[in-house]
Amino acid sequence: MLDSVIKRLPEGSDVSKKSPELITDDKGANIFLNDSASVKVAFVYDGAGYKNSLGYFTTTDLSTLTSSNATDSIIFSNFSSSPDGALKLGDSFDLGLFSKGSIIGFTLVSNGWKNGMVDPTSPIFRTVKALNPESKATNAHTVLLSDATSGLLLLGIEDLNRDKCSANDYGYCSDNDFNDAVIGICVDPASAISNINDIPTLEPPKPSPGVSGPANWREINEPITENDSIKTQKANERAAANAAKSQP
Ligand SMILES: [Ca+2]
Ligand SMILES: [Ca+2]
């Protein structure tokens, strides 16, 4: 799974240019529950130079949510693997049971872990675009992916202000790779996720044969079929042959 994450969100690769379809509206970036469900979150990957802090919030209505009324709970105060922290793949935290109608989103405090505490003055980015500081074109900070194999959701977060380098600690500029903090999210039962079809998949969809795939691309189990233009050409040839035969 980690390999697939790195393949989908490669280090230093600009998602907004290479895979813009992964940057969705809020419907594809948060978790909407149409039934009660328990939610667990696990550390997957730390692709950041910063020591970020990562948390979540819940609401029942995104339209009334603002950066001042959002209540964030920190899950990982130092979202770092060795040598900047101690997190390992699979280290998990149980967020508990959420009721039907809940919307769950996530929060990253950029370089938040300082002097043994979460710095409340660090920039905060969330899975709800309008709550982020950038202009509309660049205010998405997260990519949510569904993984059919593991049944998990994966969330990748970009930890730098995407508009202004000067807004970031040390003046770093964002590379838009959206993998600076990656978590796995287990929603049980998964059937409670009402917006699953709005969430892009971890594995890229296979190209349709003959449309955008490599030359001669074909599913191994797919029967060889003539394409329409060949069929038409053959039909024309047969018609011409029949016409010739029927000539006296
Ligand atoms: Ca990164
Ligand atoms: Ca980044």
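What share of the contacts in the chain between residues at least 6 apart in sequence join residues at least 24 apart? The value is 72%. This report describes the predicted model from which that value comes.

## Composition and confidence

The chain contains 248 residues, of which 35% are buried. Its secondary structure consists of three helices and twelve strands.

Confidence in the prediction has a mean pLDDT of 90 over the chain, with 87% of residues at 70 or more. Residues 215-226 have a pLDDT below 50, and this stretch makes six contacts in the model beyond near neighbours in sequence.

## The five-stranded sheet

An open sheet is built from five strands in the order β5-β2-β12-β11-β10, with antiparallel pairing. The edge positions are taken by β5 (92-98) and β10, each of which has a single partner strand, so one side of each lacks a neighbour in the sheet. From one strand to the next, the twist averages 25°.

At one end of this order, β2 and β5 run antiparallel and are joined by six bridges. Within this pair, alanine 42 has serine 92 of β5 as its bridge partner.

Strand β6 is mostly covered, since buried residues account for seven of its seven positions. Ile103, Gly105, Thr107 and Val109 point one way from the strand, while Ile104, Phe106 and Leu108 point the other way; both sets are buried.

Strand β1 (residues 31-32) runs antiparallel to β6 and is joined to it by two bridges, with phenylalanine 32 opposite isoleucine 103. Leucine 108 of β6 is the bridge partner of leucine 54, and valine 109 of β6 lies opposite serine 53.

## Strand β3

Because five of its seven residues are buried, β3 is largely enclosed by the rest of the structure.

## The nonpolar core

The largest nonpolar core comprises 47 residues, and those with the most contacts inside it are Leu153, Leu154, Leu155, Ile183 and Ile185. At least two core residues are supplied by each of β2 (37-45), β3 (53-59), β6 (103-109), β9 (124-126), β10 (142-146), β11 (153-157) and β12 (181-188). Strand β2 provides the largest share, six residues.

Which residues are in contact with leucine 155, leaving aside its neighbours within four places in sequence? They are Phe106, Thr142, Leu144, Val182, Ile183 and Ile185. One of these, Phe106, belongs to the buried set of β6 that also includes Ile104 and Leu108.

Methods: Residues are numbered from 1 along each chain as its sequence is written. Chains are lettered from A and ligands numbered from 1 in the order in which they are written. This is a predicted model: local features need pLDDT of at least 70, side-chain atom pairs count only at pLDDT 80 or more; totals for chains, interfaces and linings use all residues. A nonpolar core is a set of buried Ala, Val, Leu, Ile, Met, Phe, Trp, Tyr and Cys residues joined through C-beta atoms within 7 Å. A residue is buried if 20 or more other C-beta atoms lie within 10 Å of its own, exposed if 12 or fewer, and partly exposed in between; C-beta atoms are placed from the backbone. Helices (H or I, at least four residues) and strands (E, at least two) are DSSP runs, numbered from the N terminus. Two residues are in contact if their C-beta atoms, placed from the backbone, lie within 7 Å. pLDDT is the predictor's confidence in each residue, from 0 to 100. Two strands pair if DSSP finds at least two bridges between them. Axes are lines fitted to C-alpha atoms, for helices over the stretch in contact, and angles run from 0 to 180 degrees between N-to-C directions.
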